[in-house]
Amino acid sequence: MAYDLEEQEQLATIKAWWNQYGNLVTWVVTAALLAFAGWSGWKYYQRDQAGKAAMLYEEIIKAAESKDQSKVARAAEDIKDKFSGTPYAQMGALTAAKSAFDANDLKSTKSHLQWVVDHGKSDEFKAIARIRLAGVLLDEKAYDEGLKMLVWDFPEQFAALVADRKGDLLFAQNKLDEARQEFQTALDKTEIKNPARQLIQLKLDALGGKTATAH
C-alpha cells in the first residue's frame, strides 16, 4: 500500500509539473523538430541546387569546347542568376571568361571575371579572377587599373602569381626598379620544379636581376 501511495504521489507531482510547464516543453520540442526539419530541408535544397548547377556547369564546359560562344554566354548567365551561391557559378564564370578571351571578346571576359570578384564566395576563386582580370587590363594598357586589382588580401599560395603580374604591369609602365623587385619576389616564392619559374627568371635577367632560391 505504501508503494501505491508513493506512486500516486509521484504521478500527482508529474501532473502538477506538466500542468505548469507542459505547454512550454511542447513548444520547445516542436521548435526543435521544426528546426531539424528546416535544416534537413535546407541540406536537401543545397544538394538539389548543387546538382542542377553541376549540370549547367557541364553545359558551359561543352559549349566552350565546341566554341559556341552564344551558348556559353547564356549558360553562364543562367548559372550566375540561379545558382550564385554554389562553387559551380564561380567556376562557370571563370570558364566563360576564358572562352570569351580565346574568342577575343575582352568585354565579356572582363564582365565574367568582375562577377567573380564581386560575388564569389571563395577567396581562391576571387584571387584567380583578380589576377586574370589584371592580365586583361594589362593587354588593354590600363596599367593603373590592373595594379589596383592586385591590391587585395590574397591567399598566400597566390603570392608568386600576384608579384609576377605586378611586375608585368610595372614593366609596361617603364618602372623598371619596381618591376625588378616584384619579379624577384615572384621568383623567390615559386617552387624550383614549377615551369613558370623559367619565364620569371628570363624577365628578371632582362632587368639585371639575380637568381633566387625558392622556398
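A word on conventions. This is a predicted model, in which local features need pLDDT of at least 70, side-chain atom pairs count only at pLDDT 80 or more, and totals for chains, interfaces and linings use all residues. Residues are numbered from 1 along each chain as its sequence is written, and side-chain values use heavy atoms, with hydrogens and water left out.

I start with the pockets. A pocket here is an open set of points on a 1 Å grid over the protein atoms alone, where a 1.4 Å probe fits, with protein on both sides within 12 Å along at least five of seven lines; lining residues have an atom within 4 Å of a point. The largest pocket has a volume of about 300 Å³, a volume being the space filled by probe spheres set on the points, which are joined across faces, edges and corners. Its lining has 15 residues, and those closest to the centre are Lys98, Phe101, Arg132, Val136 and Arg165. Two or more lining residues come from each of α3 (87-102), α4 (106-119), α5 (123-139) and α7 (159-172). Helices are DSSP runs of H or I, at least four residues, numbered from the N terminus. Which helix gives the largest share of this lining? That is α5, with seven residues. By type, the lining of the largest pocket divides into nine nonpolar, two polar and four charged residues. Nonpolar covers Ala, Val, Leu, Ile, Met, Phe, Trp, Tyr, Cys and Pro, charged covers Asp, Glu, Lys and Arg, and the others, Gly among them, are polar.

The second largest pocket holds about 230 Å³ of space. Of its 14 lining residues, Ala160, Leu161, Thr190, Asn194 and Ala196 are the closest to the centre. Both α7 and α9 (196-206) supply at least two residues of this lining. Six residues of the lining are nonpolar, three polar and five charged.

A salt bridge needs a side-chain nitrogen of Lys or Arg within 4 Å of a carboxyl oxygen of Asp or Glu. The structure holds eight of them. One is between aspartate 164 and lysine 203, with the closest N and O atoms 3.0 Å apart. Aspartate 164 is in helix α7 and lysine 203 in helix α9, so this pair ties together parts 39 residues apart in sequence. Both aspartate 164 and lysine 203 are buried, where buried means under 20% relative accessible area, exposed over 50%, and partly exposed in between, with a 1.4 Å probe and protein chains only.

Lysine 203 also bridges to aspartate 168, at 2.9 Å between the closest N and O atoms. Here, too, the partners sit in α9 and α7, so the bridge joins parts that are 35 residues apart in sequence. Aspartate 168 in turn pairs with arginine 165, at 3.6 Å. Those two are three residues apart in helix α7, about one helical turn. Arginine 165 is partly exposed at 21%, and aspartate 168 is buried at 15%. How are these bridges connected? They share partners and join Asp164, Arg165, Asp168 and Lys203 into one network.

Still in α9, there is glutamine 201. Its relative accessibility is 14%, which counts as buried. Glutamine 201 and leucine 187 are 14 residues apart in sequence, and their C-alpha atoms are 6.8 Å apart in space.

Next, the aromatic pairs. Rings of Phe, Tyr and Trp (its six-membered ring) pair if their centres lie within 6.5 Å; planes under 30 degrees apart are stacked, over 60 edge-to-face, and the rest tilted. The whole structure has two such pairs. Tyrosine 57 and tyrosine 88 make a tilted pair, 6.0 Å centre to centre, with 45 degrees between the planes. Tyrosine 57 is in helix α1 (residues 2-65) and tyrosine 88 in helix α3, so the pair ties together parts 31 residues apart in sequence. Tyrosine 57 is buried at 18%, whereas tyrosine 88 is partly exposed at 28%. In the pair of tryptophan 152 and phenylalanine 154, the ring centres are 5.1 Å apart and the planes are at 90 degrees, so the pair is edge-to-face. Tryptophan 152 is partly exposed at 26%, and phenylalanine 154 is buried at 13%.

Last, helix α3. It has 16 residues and reaches 23 Å from its first C-alpha to its last, close to the expected 22 Å, which is 1.5 Å times one less than the number of residues. Buried residues in α3 include Ala89, Gly92, Leu94 and Ser99. Just after α3, asparagine 104 takes a positive phi of about 65 degrees.
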